[in-house]
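Me: Got a model to go through with you. Can we talk it over piece by piece?

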Amino acid sequence: MPEIPQIDNLWEFFRENSAAIGPQLQLIIWGLGILCVDFLIPAQKKGRGAIYALGGLFMASIHLYWFWGISPGPAFYNMVTLDFFARYFNLLFLAAAFLTVIMSYRYLDIEDEQHTEYYALILFATAGMMFMAGAIDLVSLFVGLELMSISTYVLVGFLRSQKRSNEAAMKYFLLGAFSTGIILYGMSLLYGLSGSTNLNEIGRQIVGLENNTLLVLSLFMMMAGLCFKIAAVPFHMWVPDAYEGAPTSITAFMSVAVKAAAFAIFFRIFYLAFGDVREIYIFALAVIAMVTMTWGNVAALTQDNVKRLLAYSSISHAGFVLMGLVAGTDLGVTASAIYLLAYTFMNLGAWSVVILLRRQDIPGETLEDFNGLYFKHPAIAVLMLIFFLSLAGIPPLAGFIAKYFVFAAVLEVALSSGEAHSSLMVWVAVVGALNVVVSVYYYFRIVVSMFIRKDYLPAPLSFSAGLVVVLVITGLFTVLIGIYPEPFISLARAASLSLT
Amino acid sequence: MVESLLDFLHIIFGQIDTAHYLVLSTIVFSIGVVGVLTRRNVIIILMSIELMLNSVNLNLVAFSDRLQDLSGQVFAVFVITVAAAEAAVGLGIVISLFRNKETVNVDQIDLMKG
């Protein structure tokens, strides 16, 4: 038996290590605080939870800012770290959670489900994502993943009186728990092979085991489970249903933050632990990336429900982000990190317009609901156009920079001399380029409804201060990342360098 | 009772080592996966998922014993805790669905398609 570490002074130990989990601690304390003061808030004013949630997110940002320059390093016996990769993703999660909280306030009033638990659960889910981004051990990675997933299961089913929401939660829960079981089995085999749960240690131990059946099995099980979480084909069946039935604000949150968190652990595991055995999985991963973007786009072509359409589009975007992982270089991580950041803003913007169309008695989800939006609210229609142009990857918007980088990452590997997979990389790039063209078609179906059709529904849009703030921020960043990308690129590059 | 059972197993399998535990966990995991994929009752699917998680625990504890390393057992304790939380949330979702729809059959949970 190895030496069991002796902790003499628990408080002293915690004080020394807690710097690495500062932002998470803030979120959890504020989330628990919301649950504790809930009974003091009168039933008509449960929306106050949003203010407390914003307080928690603000304090977490302050913590992140304090530790921005100094890296606290691995803490709690190499369980979590707050390196630049984790800080980059923490920033992304905080931004997504902030925008989600202020866009949900009015929406929950309309749905008549205003409860403080909603905001507490968003804080818990965000804390779980931060643990995932900072995890360098299988145990902390798993606990973070489950903290995020379980909070999200509840949030998806939050509209208790609606059958659609119940059904979405059921499907999401069953498939999510199933995929957790598969990931865990892979983890347990990996632990048995390497004798450690630390990702760096696993990476050292499995060198030279390329032909070991158990390693291949555990690798593919973890890959399958993670593909469930990032919604890659063929593990995407739950996505359209869960996205359609969930409260729209939570759909927006899931499509950016939950996906980004799953990608963060995907990168951690496949760079730190499996970085030296790329030969095993590179082909499978490339095929998954190609099939994911194609299938998502083809299925989106025929959708009439905008929530489903955006759900399929988010599947195809997952394929594009995977291209960075297929490249497997520093530039690959940079590209995927930029893609996830740009996607956060442009996709949250598009979803917030969908929330805007949700009015009393009008679901506002079908293509017809967008008819003639330009003639009634030109500013909203133009903003939506910007988001869609960006999602389709048209310059000079954020989506173009994101797509430029993933293609650059893949082509850099394809063109470098002595690379065994150059033809595979070229194929990935070609399929990706074709998919960009396909995606323009279905985004422009909505644009056509907005700008050409004229039968506009007379009911007023559900404007609120929070939603306007979200639209302004997301629109601003969508344009800003497109025309002045340097600061964002250097952030993402620093994140990729701290990972490898 | 336990000792006679161990004697019985010893006669059949010889000395029980890690490989036996792995075979057992593989069997339990397979039963769980097949249960999730073929059963139509949500409660039974939940039970099958629990089987999958418990087979992971078997694996972890067997490896922990083999490697003389405690982290596997710690991991197993975390898995048990999280499985309990997950089951609680899952049953809550089943109840909220049952209130609106009065069914636990996944074939009848089909409002959304396409």
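Me: Start with A:Tyr339. What does it touch, leaving out residues up to four places away in sequence?
Reply: A:Tyr339 touches A:Phe320, A:Val321, A:Gly324, A:Ala402, A:Phe405 and A:Val406. Contact means C-beta atoms, placed from the backbone, within 7 Å. This is a predicted model: local features need pLDDT of at least 70, side-chain atom pairs count only at pLDDT 80 or more, and totals for chains, interfaces and linings use all residues. Residues are numbered from 1 along each chain as its sequence is written, with chains lettered from A and ligands numbered from 1 in the order in which they are written.

Me: And the largest nonpolar core, how many residues?
Reply: 228 residues. A:Tyr339 is among those with the most contacts inside it, along with A:Met132, A:Ala261, A:Ile338, A:Ala342 and A:Val410. Helix H14 (residues 330-357) of chain A gives the largest share of this core, 20 residues. A nonpolar core here is a set of buried Ala, Val, Leu, Ile, Met, Phe, Trp, Tyr and Cys residues joined through C-beta atoms within 7 Å. Buried means 20 or more other C-beta atoms within 10 Å of a residue's own, exposed 12 or fewer, partly exposed in between. Helices are DSSP runs (H or I, at least four residues), numbered from the N terminus.

Me: Switching to H12(A). What covers its buried residues?
Reply: The cover includes helix H9 (213-230), helix H13 (306-327) and helix H18 (422-451) of chain A. Among the buried residues of H12(A) are A:Tyr281, A:Leu285, A:Met293 and A:Asn297.

Me: Which peptide bonds are cis?
Reply: A:Val233 to A:Pro234 is one, omega near 5°. A:Pro234 sits in the loop between H9 and helix H10 (238-245) of chain A. A:Pro395 to A:Pro396 is cis too, also with omega near 5°. A:Pro396 is in the loop between helix H16 (378-392) and helix H17 (398-415) of chain A.

Me: Now chain B. What is phi at B:Gln68?
Reply: Near 55°, positive in a residue other than glycine. Most residues other than glycine have a negative phi. B:Gln68 lies in the loop between H3 and H4 of chain B.

Me: Is B:Gln68 buried or exposed?
Reply: Exposed, because it has 9 C-beta neighbours inside 10 Å.

Me: Last one. How many residues of chain B are in contact with chain A?
Reply: 37, against 36 residues of chain A. H4(B) gives the most to that side of chain B, with 16 residues.

Conventions:
Helices (H or I, at least four residues) and strands (E, at least two) are DSSP runs, numbered from the N terminus. Two residues are in contact if their C-beta atoms, placed from the backbone, lie within 7 Å.
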